[in-house]
Structures are given as C-alpha cells and as structure tokens.
Amino acid sequence: MKLLACGCALVLCGLQSLAAGVVNDFDGDGLSDGVHYDDAVGRWRVDLSLGRTFPTSAVLRLQFGFPGTIAMAGDFDGDARADYALFDPPSGTWYFLNSTA
C-alpha cells in the first residue's frame, strides 16, 4: 500500500466510507455534519449542521479526488474536526487532506 499524506498521521480506526451516508463534524462545533462525495468528478459537499437544520448557506464544496476513488472521513490529526481521505483501488494509494492543512 502506498501512502501520500498531507501533514497527517495515518489512523485507520474511525475511517468511515461515504457510501453509506456518513455524518462527521467538519467544522468543530460538536454537531454532526452531512457529507457527500461525487466519485464521478471527485467533488465533496459538506452540509454544516446548525443544530436542527442544514441551511443551504452553510454548505462547503471541495474539489479533492478523481473518478474511481473511494472517499472516507475521520479525524486523522486529532483536532476534533473531520478530515478527508481517498483510496485509489487500482494503485493502492491513500490520499489525505487535513482540516487544518
């Protein structure tokens, strides 16, 4: 397995595949945020929670990935904010983007 890390330590516990509709805290406010990864174009969409709502004004969009990658999310650097991870099955390579990067 190849590992390309963007300033983080590899911590596999807590990895969650986005295929099952994952929630995670991406902004560090202690509330679960919804996340979707479009593997056709490598684009992330994070719907930030404001408690009981997910307003359209609180949406993060991020281009990180490419077709065929499997997206994961987890707190890899221990800052209480979810980080982004991708796995490329054909090459066996992991890619990470920390929330503090």
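This is a predicted model: local features need pLDDT of at least 70, side-chain atom pairs count only at pLDDT 80 or more; totals for chains, interfaces and linings use all residues.
Numbering starts at 1 along each chain as its sequence is written, and side-chain values use heavy atoms, without hydrogens or water. Local features need pLDDT of at least 70 and side-chain atom pairs need pLDDT 80 or more, while totals for chains, interfaces and linings use all residues.

**Aromatic pairs**

The structure holds 7 aromatic pairs. Rings of Phe, Tyr and Trp (its six-membered ring) pair if their centres lie within 6.5 Å; planes under 30 degrees apart are stacked, over 60 edge-to-face, and the rest tilted. Two of the pairs are tabulated here.

| Pair | Geometry | Centre to centre | Angle between planes |
|---|---|---|---|
| Phe-66 and Tyr-95 | edge-to-face | 5.8 Å | 85 degrees |
| Trp-94 and Phe-96 | stacked | 6.0 Å | 15 degrees |

The Phe-66 and Tyr-95 pair links distant parts of the chain, 29 residues apart. Phe-66 sits in the loop between strand 6 (59–63) and strand 7 (70–74), and Tyr-95 in strand 9 (residues 93–97). Strands are DSSP runs of E, at least two residues long, numbered from the N terminus.

Phe-66 is partly exposed, at 31% relative accessible area. Tyr-95 is also partly exposed, at 23%. Trp-94 and Phe-96 are both buried. Buried means under 20% relative accessible area, exposed over 50%, and partly exposed in between (1.4 Å probe, protein chains only).

Elsewhere, ring pairs join Phe-26, Tyr-37, Trp-44 and Tyr-84 into a cluster.

**Nonpolar cores**

A nonpolar core is a set of buried Ala, Val, Leu, Ile, Met, Phe, Trp, Tyr and Cys residues joined through side-chain atoms within 4.5 Å. The largest has 13 residues; Phe-26, Trp-44, Val-46, Tyr-84 and Leu-86 touch the most other members. Strand 4 (33–38), strand 5 (43–47), strand 7 and strand 8 (83–88) each supply at least two of its residues. Another core, of 5 residues, lies apart from it and includes Met-72, Phe-76, Ala-85 and Phe-96.

An open sheet of 4 strands runs in the order 3-4-5-6, with antiparallel pairing. Strand 3 (23–24) and strand 6 are at the edges with a single partner strand each, so one side of each has no neighbour in the sheet. Two strands pair if DSSP finds at least two bridges between them. Strand 5 and strand 6 have 5 bridges. Val-46 has Leu-60 of strand 6 as its bridge partner.

Ser-57 lies in the loop between strand 5 and strand 6. Ser-57 is exposed, at 71% relative accessibility. Its C-alpha atom is 9.0 Å from that of Asp-47, 10 residues away along the chain.
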